[in-house]
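I opened this notebook to record a few look-ups in one model. The entries follow the order in which I made them.

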Amino acid sequence: GFGAWSRISTVWPRFQQQNYGRILISVSTSLLGGGAGGVPYAMAKGALVSFNRSLTNIARLGGLDIKSNVIAPYAFTQMWEAMPGIVPEENRRVAVKRYLPPAGLAPTALALTHERCPMSGQIFVCTNGKVQRFFYAKSPGIETADFTPDHIIENFHLLESTENIEEVIGVSMDTGTPFMARAIEVLSGKA
């Protein structure tokens, strides 16, 4: 995390001055689901995602054409070579080495740093020949004036549901204020 901060904080004033910049932060897919025994590593990579989203909010609030995105790549890297336990099956390791070279990440990296890249603050899982956007979402949730632990447990299915999910772009006063306002409406009986 500190390495990303020190490099980006060095170029940020220039990006602001020229009203243009593209940032690409590489993280690990372990932040998406955790890695076996790699809690500190996954936490550090997750912090970079929050850093990325903060940079996006700062640029957006400043009206700046600065875009920052994250890639979580799958590729046969030197780290994979040094840690055979990541992919213990030999035939699978051979396939990953052959078909998922680090060079296969270049098209995604170039697209995300291109002047026409329309997105910022996002996470892209990528490999050779495939890219997907990973995003945070929230369920419609539970709304009631009778907010008790029992009520939450009895309605937990509403929290687990993926129907009518809402993508979370960023958490700030812009998004927190409507959330709090809705809670006040429910609690005051105005909902």
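The entries below concern aromatic rings, cysteines and one glutamine.

I note that the model is predicted, that local features need pLDDT of at least 70 and side-chain atom pairs pLDDT 80 or more, while totals for chains, interfaces and linings use all residues. I number residues from 1 along each chain as its sequence is written, and side-chain values use heavy atoms, with hydrogens and water left out.

Aromatic rings. I looked up ring pairs of Phe, Tyr and Trp (its six-membered ring), with centres within 6.5 Å; planes under 30 degrees apart are stacked, over 60 edge-to-face, the rest tilted. I found two aromatic pairs in the structure. Trp 5 and Phe 51 are edge-to-face, at 6.0 Å centre to centre and 65° between the planes. Trp 5 belongs to helix H1 (residues 2–18) and Phe 51 to helix H3 (residues 39–61), so this pair ties together parts 46 residues apart in sequence. Helices here are DSSP runs (H or I, at least four residues), numbered from the N terminus.

Next I checked accessibility: buried is under 20% relative accessible area, exposed over 50%, partly exposed in between (1.4 Å probe, protein chains only). Trp 5 is partly exposed at 47%, whereas Phe 51 is buried at 15%. The rings of Phe 134 and Tyr 136 are edge-to-face, because their centres are 6.0 Å apart and their planes at 80°. Phe 134 is partly exposed at 28%, and Tyr 136 is partly exposed at 35%.

Cysteines. I found zero disulfides, a disulfide being a pair of cysteine sulfur atoms within 2.5 Å. Cys 117 is buried at 6%, as is Cys 126 at 1%.

Glutamine. Gln 78 lies in helix H4 (residues 78–82) and is exposed at 74%.

Conventions
Helices (H or I, at least four residues) and strands (E, at least two) are DSSP runs, numbered from the N terminus.
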